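Work through the exercises below with the sequence and the structure in view. Try each task before reading its solution.

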Amino acid sequence: MTDTTAHALPRPSPAQRWLALILVSVAMFGNYYVYDAFGPVVDLLREQEGFSYDQISMIFSAYSVAAVLVLLVGGYVIDRWGTKRAITLFAVICLAAAALMASTARFETMLAGRFLLGLGAEPLIVAATAVLAKWFKGKELSFAFGINLSIARLGSASADWSTSFASPLYANWQDPLWLATGVAAVGVTAAMLYWTTESRLEGRVNLGQADATDRLELKGMYAFSASYWYIVGLCVVFYATVFPFRAFAIDYFQQAHGLDRETAGMLSSLLPVAAIVVTPLFGLWVDRVGRRSLFMAVGSLAMLPLFVLVTYAPPGPDIGIWIPFAGSAQVPLTLLLVMLMLGGVFSLIPAVMWPSVAYIVRENRLGAAYSMMTLCQQIGVALVPLAVGRFNTAFAAGPGNPAGYAPGMWFYTALAGLGLAFSWLLWRAESGPGAHGLEYSSGRKPE
Ligand SMILES: C[C@H](NC(=O)[C@@H](N)CCCCN)C(=O)O
């Protein structure tokens, strides 16, 4: 179909747009569920299969190594195959990865499974973004992105909640991973339904053309401003702290704080649950008042004491919590407050940080800017768990020696300090003459 013929067609109706959004979001739900299904079985792999913390960290990092490699070529696949085929292909890769990880407790197989997951999951996120741009461009695009991310985070929370609603499966390490494979199959089904939907509507509605994927080319990166690189720095240390902490959190709460798996799962789920609810609200607030770099600095400052608190502060009284789908539990006040604070930071920083790039980088370089940011993010997320695993092993962390987890927590604190330094540098740059308007609601200094 020529561009002129496409423009003569009507834009998709709201019902058609929302159907596309739901299908793509279910595919993302499956993606995030599989990613986070590994954390709740860490203790079982250690106890039943004799995995060391070093091996667990390597498995976790294999995702990011694959992500770094695939981010360099993922855009080409999407361009060549089109979003509807690409999204299905990547969802099938996630399904194969989930099945491989569930199939056997051989270290090399698990490593390969997690690597395969990185090859499928990261370009699936890129393809999902391209799909939303196609259907929602000029119509509630930010809101659609927000809903998509909230449904994806529901996948993360559900993986944590599975320690409650699927507790009989946790008699062994394998069954929870088969459940994750089932969820990945639901994701593939959603991706295929999306393929059918788009194919049926082709020639009947004007789906326009998502902007050609602005590929990641290393030449030209020097042209990005210092403010962009400060945001990238914050992105790296922020996610390299939060994602590895989440990966080890359920095991950590069990071993170092004596919680049972269900309670540890519920506590860990507070992070994505808070983000589901609060991220869009922070987004709306910041759009209204601006002050983006200040908000990032405040988020970084709030994160700084949390890992020290969780290590050294007295647990305080037990508090009853209730979470839908997971049930109720008694959790120590200190852990509850720390997780709520971290949930707040996990809502605030992503809500402000990702959109801020759009104010700093020219529109035609945005794709490359986001790809570079994600690539750097994944390098950090690959390296930090290896370091934390090394600390845990070297200091013999375990239920008999909870103090052995402290060096890992100090490492997270050091990263949070680095995040504060990056956001302070950004705030300083954005308060001076070369500012990009991050501090203004409109993104521009009022005349
Ligand atoms: C928006 C952001 N997404 C990412 O950082 C992805 N590159 C990695 C997602 C890993 C799966 N849980 C986010 O989730 O905040």
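**Exercise 1. The nonpolar core**

Task: Find how many residues the largest nonpolar core has, and which of them have the most contacts inside it.

Solution. 
Step 1. In this predicted model, the largest nonpolar core contains 156 residues.
Step 2. The residues with the most contacts inside this core are Val24, Ala27, Ile87 and Cys94.
Step 3. Helix α10 (residues 226–257) gives the core its largest share, 21 residues.
Step 4. Domain 1 (9–213) and domain 2 (218–447) each contribute at least three residues to this core.
Step 5. Take Val24 as an example. Leaving out residues up to four places away in sequence, Val24 touches Ile87, Ala128, Val131, Leu132, Asn148 and Tyr194.
Step 6. As background, nonpolar side chains tend to be buried together in soluble globular proteins.

**Exercise 2. The chain as a whole**

Task: Compare the radius of gyration of the chain with that of a compact globule of 447 residues.

Solution. 
Step 1. For 447 residues, a compact globule would have a radius of gyration near 22 Å.
Step 2. The chain has 22 Å, so the value agrees with that of a compact globule.
Step 3. Along the principal axes, the C-alpha atoms fill a box of roughly 70 × 50 × 40 Å.
Step 4. Of the 447 residues, 52% count as buried.
Step 5. Now consider contacts between residues at least 6 apart in sequence: 83% of them join residues at least 24 apart.
Step 6. The secondary structure of the chain consists of 16 helices and two strands.

**Exercise 3. Two domains**

Task: State how the chain is divided into domains, and how many residues of each domain take part in the contact.

Solution. 
Step 1. The chain is divided into domain 1 (9–213) and domain 2 (218–447).
Step 2. The C-alpha centres of domain 1 and domain 2 are 21 Å apart.
Step 3. The contact takes 33 residues from domain 1 and 38 residues from domain 2.
Step 4. On the side of domain 1 that touches domain 2, α3 (42–49), α4 (53–71) and α8 each supply at least two residues.
Step 5. Sorted by class, that side of domain 1 has 17 nonpolar, twelve polar and four charged residues.

**Exercise 4. Around the ligand**

Task: List the residues around the ligand and explain why the shell around the ligand lies between the domains.

Solution. 
Step 1. The residues around the ligand are Tyr32, Tyr35, Glu122, Ile125, Leu149, Ser156, Tyr239, Pro350, Thr374 and Gln377.
Step 2. By class, the shell has six nonpolar, three polar and one charged residue.
Step 3. At least two residues of the shell come from each of α2 (14–36), α7 (107–136), α8 (141–165) and α15 (366–394).
Step 4. The shell lies between domain 1 (9–213) and domain 2 (218–447) because both give residues to it.

**Exercise 5. Buried or exposed?**

Task: Decide whether each of Met372, Arg291, Ala396, Gly50 and Asp260 is buried, partly exposed or exposed.

Solution. 
Step 1. Met372 is found in helix α15. Met372 has 23 other C-beta atoms within 10 Å, so Met372 is buried. The C-alpha atoms of Met372 and Leu72 are separated by 9.1 Å, although these residues are 300 residues apart along the chain.
Step 2. Arg291 lies in the loop between α11 (261–289) and α12 (292–303). With 19 other C-beta atoms within 10 Å, Arg291 is partly exposed. Arg291 is not a glycine, yet has a positive phi of about 55°.
Step 3. Ala396 is in the loop between α15 and α16 (406–430). Ala396 has 10 other C-beta atoms within 10 Å and is therefore exposed. Its phi is also positive, about 50°, although Ala396 is not a glycine.
Step 4. Gly50 is placed in the loop between α3 and α4. Gly50 is exposed, with 10 other C-beta atoms within 10 Å. Gly50 and Ala105 are 55 residues apart in sequence, and their C-alpha atoms are 9.8 Å apart.
Step 5. Asp260 lies in the loop between α10 and α11. The count for Asp260 is 12 other C-beta atoms within 10 Å, so Asp260 is exposed.

Methods. Residues are numbered from 1 along each chain as its sequence is written. This is a predicted model: local features need pLDDT of at least 70, side-chain atom pairs count only at pLDDT 80 or more; totals for chains, interfaces and linings use all residues. A residue is near a molecule or strand if its C-beta atom, placed from the backbone, lies within 6 Å of it. Helices (H or I, at least four residues) and strands (E, at least two) are DSSP runs, numbered from the N terminus. Ala, Val, Leu, Ile, Met, Phe, Trp, Tyr, Cys and Pro count as nonpolar, Asp, Glu, Lys and Arg as charged, and the others, Gly among them, as polar. Domain bounds come from an automatic or database domain assignment. The radius of gyration is taken over C-alpha atoms; the globule rule is 2.2 Å times the number of residues to the power 0.38. A residue is buried if 20 or more other C-beta atoms lie within 10 Å of its own, exposed if 12 or fewer, and partly exposed in between; C-beta atoms are placed from the backbone. Two residues are in contact if their C-beta atoms, placed from the backbone, lie within 7 Å. A nonpolar core is a set of buried Ala, Val, Leu, Ile, Met, Phe, Trp, Tyr and Cys residues joined through C-beta atoms within 7 Å.
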